[in-house]
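Trainee: I would like to go through the terms used for this structure and see what each one rests on.
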Amino acid sequence: MAGEIVGSVEMLRRLVAFDTTSRNSNLALIEYVQQYLQGHGIDSKLVPSEDGKKANLFATVGPNVKDGVVLSGHTDVVPVDGQPWDTDPWTLTLKDGKYYGRGTCDMKAFYAIGLAMLPAFKNAKLKKPIHFALSYDEEVGCIGAHGLAARMASEVPKPRAIIIGEPTMMTVVHAHKGAQIYITKFTGFEAHSSMTHLGVSAIHFAGEFVHYLNTVQDELDAKAPKQSEFMPAAATFNVGTIVGGTAGNILARECEVLWGYRELPGLPIEALGDRAIEWLEKELLPKMKARHPAATIGTVLRSSTPAFSSEGNDEAKALARSWSGSNTVGSVVYGTEAGIFRKTLGVPTVVCGPGDIAQAHQPNEFILASQIDACEGFMHRMIEWCCRD
Ligand SMILES: [Zn+2]
């Protein structure tokens, strides 16, 4: 079967053209990749989301044996809403050695290059397999990766190394913070704003919660080590959105706060969240109820991205360094799916991919053409390694 030959840039152009903003289905992209792989005689397996609107994909090139390499990427991208783009974000556009488009660096380029090099993978006499692992909903809290990693753990012979191709400028990243995101809903009791004694404003108490998070942040900052591989050194809180109230002269009945934090590896990811929830229940809720007994506070965990610890990743580090030619091994503060894959498959994992995280999530996101070349070089050296015993 003769599959289609597609260069890295052309493959990136095709993948960027799918608007895979996390709120949308990613199935059009997944089906395209599936057909492309099929054209080259490679079967892929899908791991659908519960509602069937999205899917992860995994596929193996080469012998179905252990000791292979996993190339992992997420298919979704962040929204372009309200961002001042100079070009169409869904049309790959070359200007001054930079390819512009949503998802170019975060992170379609990594697996676009891998897919474009499929004929090279196939023509090599691979003794160790190369696995593709594409997930959905990374950008909204690494939701798809859990199911993907679990399926691969049971169906793929144990790999030697997992490469998460998030943008690191092809340097090797061996650790990152974890992230928890919660939604807390404050329910008060409506009253005319002149009659504050008759009700309780959900917004005012949500504000107290934000203040509480600021005081915990101050405490964490004060205790943070002076020397740290992370910048900032401490765990960091963020309140992402607050939605509540209906009018200027009504005590707000409802207020919803989307909040979370990024914790250091090695510390229990849920501890800060548990502490905040306990404060809400024991300290804040009684004060609200004293104003009106109908008041409630409810918190749900929206997503959890485990931290990625540097421990146990030495082999993946050594391989990625030799394939990328990068001498630096470092850490980052943004989250990736690395912790999920590391934990679920029990396989040494690193983050290493083309492009700069500084361009991710921005208007006019781009990837340097030279980074595409660097990643192709990485893949070629990986192929050589996969051909050895
Ligand atoms: Zn990403």
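Mentor: Start with contact, which means heavy atoms within 4.5 Å. By that rule, and not counting residues up to four places away in sequence, Thr184 touches Phe209, Cys255, Glu256, Val257, Trp259, Leu280, Ile297, Gly298 and Thr299. This is a predicted model, where local features need pLDDT of at least 70, side-chain atom pairs count only at pLDDT 80 or more, and totals for chains, interfaces and linings use all residues. Residues are numbered from 1 along each chain as its sequence is written, and side-chain values use heavy atoms, with hydrogens and water left out.

Trainee: Why is Thr184 called buried?

Mentor: Buried means under 20% relative accessible area, exposed over 50%, and partly exposed in between (1.4 Å probe, protein chains only). Thr184 has a relative accessible area of 0%, so Thr184 is buried. Its place is in strand E9 (residues 178-187); helices (H or I, at least four residues) and strands (E, at least two) are DSSP runs, numbered from the N terminus.

Trainee: What makes the side chains of Thr184 and Trp259 a polar contact?

Mentor: A polar contact is a pair of N or O atoms within 3.5 Å; within protein, one must be able to donate a hydrogen and the other to accept it, and residues adjacent in sequence count only if both atoms are side-chain atoms. The Thr184 to Trp259 polar contact is 2.7 Å. The side chain of Thr184 also makes a polar contact of 2.9 Å with the side chain of Thr299.

Trainee: How do you know that strand E1 and E2 pair?

Mentor: Two strands pair if DSSP finds at least two bridges between them. Strand E1 (residues 44-48) is joined to E2 by five bridges, and the two run antiparallel. One of the partners is Ala59 in E2, bridged to Ser44. E2 also pairs with strand E6 (residues 130-135), in the antiparallel sense, over five bridges. There, Leu57 has Leu134 in E6 as its bridge partner. Of the seven residues of strand E2 (residues 55-61), six are buried.

Trainee: Why is helix H2 called roughly parallel to H3?

Mentor: Helix H2 (residues 27-39) and helix H3 (residues 104-116) pack at an angle of about 20°, with axes 11 Å apart. Angles under 35 degrees count as roughly parallel, over 145 as roughly antiparallel, 65 to 115 as roughly perpendicular and the rest as oblique. Therefore H2 is roughly parallel to H3. Axes are lines fitted to C-alpha atoms, for helices over the stretch in contact, and angles run from 0 to 180 degrees between N-to-C directions.
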